[in-house]
Amino acid sequence: MEKTLAKKSFPQWVKALDSWTVYVPRKDDEGRWDFVRADGQETALDISQTTLPPKKILFPQREVFLEFRKTQAGNLETTEIKEVLPEVHPTVVIGARPCEARAAWLLDKVFGGEFQDIYYWKRREPTTLVGLACTPPPSDNCFCPSVEGSPHSEEGLDVLLTDLGDRYYVKSMTAKGEALISAAPKLFSEPSAEDQKRVKAAHAESEKQIKRQVKDARGISEKLKGMFDSPFWDEEAMSCLRCGICTYLCPSCHCFDINDEIETSSPLRGQRVRTWDTCQFPDFTMHSSGHNPRPDKASRLRQRLLHKFQYFVQVYGQIMCVGCGRCITLCPVGIDIIKVLDKVRQDGD
Amino acid sequence: METSVYTPQLAKIIQTKDEVVGPRAIKTFRTQFVNGGRLDFRCGQCAMLSVFGKGESMISISSSPLVKDYLQFSILRTGRVTAALHDMEAGDTIGIRGPYGNGFPIEEWRGKNLVFIGGGIGLAPLWSVVQTALLRKREFGALSLIYGARTSKDIVFKDELEELKDKMPVHLSIDVAEPDWKDFVGFVPTNVLDKKPSPTNTIAITCGPPIMIKFVIKNLKDLKFEDEQIYTTVENKMKCGIGKCGRCNIGFHYVCKDGPVYSWAELKKLPQEY
């Protein structure tokens, strides 16, 4: 289904989605963009790249898996556990970037398969992703076309909006997307042939505006197979502060930890929680014996690169990087995944 | 009802036994599910044990899948969860989820001789196969065990090993001589070279500390075992057990899901990240 929506009608559309929990990007007092609950203040999608991708809506930074408690009756001690499953209201994320939706499409592979992760799917299934085509790209470090995405990719999206100046071109790819249009059908118009022409032109132009590039990502993927033991990684990781920001802010990174948090120890009561974790921390892989298979920064940088560009390709056939550039923009010491990959492509040592 | 793959089943500890006491304590636990259920598993598979309030730990199942009335785990006291387990006794409640991992391909081993080579706590995962092979003795060729520990006090399953001597050759070793020790003195790989198991129609299954495994494999190769005749297990830190949390991988393999059992032919192709 293809429609147009006048920008001045955008706030009304958001208001009409009152059967959904709606998230939109918003700038906070310190100038950082983040996905927040819509509150009727939305005017239009004049947005920049958010610091945190909308991954947090599908896969929150902290979530409770179960509650446990012990009760004592005389000498009889009983342990009880209660599974806590998320109950998620139908949700819409408006203004997700095509790369972020593509990341969700990659996360679907991780949390699906033989062992379905019900916590993820309880959020994913009722969520509709409304993307905004990147005209222009939201970051100087965008490189999505190099990793099989595009600034107007539809992978993982239900609806794609394209900014045409005074209105949005609205393309719905799924029934979930069409439901959003049906919520306020009068706000939408049929697109003219001229609109369709302008959308095509805007999409073509958006690709040209991407400033950065990784040449031959699939070739690099093959080349990495021979680089596990290369001294290359030592030099590349030298400046790493092991802060983990490259992974926490990555739309496709999904590594997590599971821990028990205690509210009271006597009688025992607490929760088992899942939290985001990162391969950049030494504890991530440290055995209780003290042995660590990834003991240094080099082996951990190597893991981040190989997981995204080699292992994920071997297991799922896709590159686990969507080219948003956050890990480049926000790395405090300037480690640049594009430059690292380019060195791999050129000589690999 | 929908149930999360991360939610364990409650189980009661029905019996405990101190195998080794002191700084490298090992304790064996037998457990039964509170709801009376059973776990269908293969030799060499693992289960995620919960001590509520402490967390979870991946432990190999040391009983045979043919034993239906309990699950057995032998556990070295080493971290937060295993220390908490060691403080537990019969009657206490834990959580169990699983089974996880590939397990040993024992159906492919029918008709072959099996030589088990273990070190320290590494006998635990082998024990499931040893017991199963004994219960299905007619299906396998000759069975034998080469097992060692640092000192005589560090040997696990002491009583069971004595009984086992009636059923198969058992070659024990300790690292350093002790006054009353009559068996082999030296490291397990050296004992392998000393006992010279024949590679003819034989599968060697080895489990123990990484350094031991490395030299056992080297020595088995010297004894003309092919890579495909040697099986071992790998361990890495695990949280989810189902190939999602991202930490136990060696190359593109998640040890929790794609391992922990590998033939040397498979394992030598993967990076040394364990």
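Student: In this predicted model, what covers the buried residues of H4(B)?

Tutor: Helix H4 spans residues 188-195 of chain B, and its buried residues are B:Val188, B:Pro189, B:Asn191 and B:Val192. Down the helix axis these residues fall within an arc of 160°, so they line one face of H4(B). The cover over them includes strands S7 (113-119), S8 (143-149), S9 (170-174) and S10 (184-185) and helix H5 (210-222) of chain B.

Student: Which residue just after H4(B) takes a positive phi?

Tutor: The helix covers residues 188-195 of chain B. Just after H4(B), a positive phi of about 45° is taken by B:Lys196.

Student: What is the order of the open sheet of 7 strands in chain B, and which are its edge strands?

Tutor: The pairing in this sheet is mixed, and the order is S10-S9-S8-S7-S11-S12-S15. An edge strand here pairs on one side only, and the two that do so are S10 and S15 (261-263).

Student: Are the residues of S11(B) buried or exposed?

Tutor: In a regular strand the side chains alternate between the two faces of the sheet. In S11(B), B:Thr202, B:Ala204 and B:Thr206 point one way, while B:Ile203, B:Ile205 and B:Cys207 point the other way. Of the 6 residues in this strand (202-207), the number that are buried is 6.

Student: Which residue of S11(B) is the bridge partner of B:Leu114?

Tutor: S7(B) and S11(B) run parallel and are joined by 6 bridges. In S11(B), the partner of B:Leu114 is B:Ile203.

Student: How many residues of domain 1 of chain B are in contact with domain 2 of chain B, and which elements give two or more residues to the domain 1 side?

Tutor: Chain B is divided into domain 1 (9-100) and domain 2 (106-233), with 23 Å between their centres, taken over C-alpha atoms. The contact involves 16 residues of domain 1 and 15 residues of domain 2. On the domain 1 side, the elements that give two or more residues are strands S1 (9-20) and S5 (71-76) of chain B.

Student: How many residues of chain B are in contact with chain A, and how does that side of chain B divide by class?

Tutor: The contact takes in 38 residues of chain A and 31 residues of chain B. Strands S4 (55-60) and S6 (93-100) of chain B are the elements that give two or more residues to the chain B side. By class, that side has 10 nonpolar, 13 polar and 8 charged residues.

Student: Why does A:Asp108 count as partly exposed?

Tutor: A:Asp108 lies in helix H3 (residues 98-111) of chain A. A residue is buried with 20 or more other C-beta atoms within 10 Å and exposed with 12 or fewer. A:Asp108 has 15 C-beta neighbours inside 10 Å, so the class is partly exposed.

How values were computed:
Residues numbered from 1 in each chain as written. Chains lettered and ligands numbered in written order. Predicted model: local features only at pLDDT ≥ 70, side-chain atom pairs only at ≥ 80, totals over all residues. Contact = placed C-beta atoms within 7 Å. Helix = DSSP H or I, 4+ residues; strand = E, 2+ residues; numbered from the N terminus. Nonpolar A, V, L, I, M, F, W, Y, C, P; charged D, E, K, R; others polar. Domains from an automatic or database assignment. Arc of directions from axis to C-beta. Pairing = 2+ DSSP bridges.
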